[in-house]
Structure formats: C-alpha cells, structure tokens
Amino acid sequence: MKQISIAKLNELLISLKAQRAELLEDKAHMLSHCEFDCAEDEFEFDWICTDIEDIELAIDNIYGIMCHPKTIVDGDMIYYTEDEDF
C-alpha cells in the first residue's frame, strides 16, 4: 500500500485546479482574439487543449483514489493500492 497526506493531496488538487483555470482563460482568450491564420496559433491552442486534458485526467485520478472502496483513511493519511482498478 502507498500512503499520502490528505493535506498534500488537497494542495495538489488546489494547484491543479488553479492551473486548469488559467489554461481555460488562455483558451477562451485565444478563441476570442486569435485568427488562427498561422501555425503558431494553432500549435499553441492545441498545446493548451492537451494540457487541459492532462490536468483534468490527473484531477480525476486523484478523486478516483480518494473515493475508491479500497482506499483507507486513517487520521490525516490516505492509504491506497496501485492496481488495475485505479
């Protein structure tokens, strides 16, 4: 079993959600202000969208660990296994 502090897990979630919010703002800004008439704009937009997807996957995985039936919460620590179920 692996263990992680609930406080560290919450810090990580807060950080990931803040990064996601910034990237969503960047995406909205590009959609409203860019003409996408050059490859750089398209490349940057694709990069932002990929980062958003990666961050959302990481957030989902953290919630998956937290809510998984095999996860054990003991005080301020979470104990979990890394197997195919996650």
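**Helices and sheet of a predicted model**

Colleague: Why does the distance between the end C-alpha atoms of H2 agree with its 29 residues?

Modeller: The expected span is 1.5 Å times one less than the number of residues. For the 29 residues of H2 that should give 42 Å. The end C-alpha atoms of H2 agree, because they lie apart by 42 Å.

Colleague: What kind of model is this, and what pLDDT do local features need?

Modeller: Residues are numbered from 1 along each chain as its sequence is written, and side-chain values use heavy atoms, without hydrogens or water. The model is predicted: totals for chains, interfaces and linings use all residues, side-chain atom pairs count only at pLDDT 80 or more, and local features need pLDDT of at least 70.

Colleague: Which elements do the buried residues of H2 pack against?

Modeller: Helices (H or I, at least four residues) and strands (E, at least two) are DSSP runs, numbered from the N terminus. Buried means under 20% relative accessible area, exposed over 50%, partly exposed in between (1.4 Å probe, protein chains only). Among the buried residues of H2 are Asp 41, Phe 45 and Cys 49. The buried residues of H2 pack against H1 and E3.

Colleague: Which residues does Leu 23 touch?

Modeller: Leu 23 is one of the buried residues of H1. Contact means heavy atoms within 4.5 Å. Not counting residues up to four places away in sequence, Leu 23 touches Ile 48, Asp 51, Ile 52 and Ile 55.

Colleague: What is the order of the three strands in the open sheet?

Modeller: Two strands pair if DSSP finds at least two bridges between them. E2 and E3 have three bridges, in the antiparallel sense. The sheet is antiparallel, in the order E1-E3-E2.

Colleague: What angle does the direction of H1 make with that of E1?

Modeller: H1 packs on the sheet and touches E1, E2 and E3. Axes are lines fitted to C-alpha atoms, for helices over the stretch in contact, and angles run from 0 to 180 degrees between N-to-C directions. For H1 and E1 the angle is about 70°.
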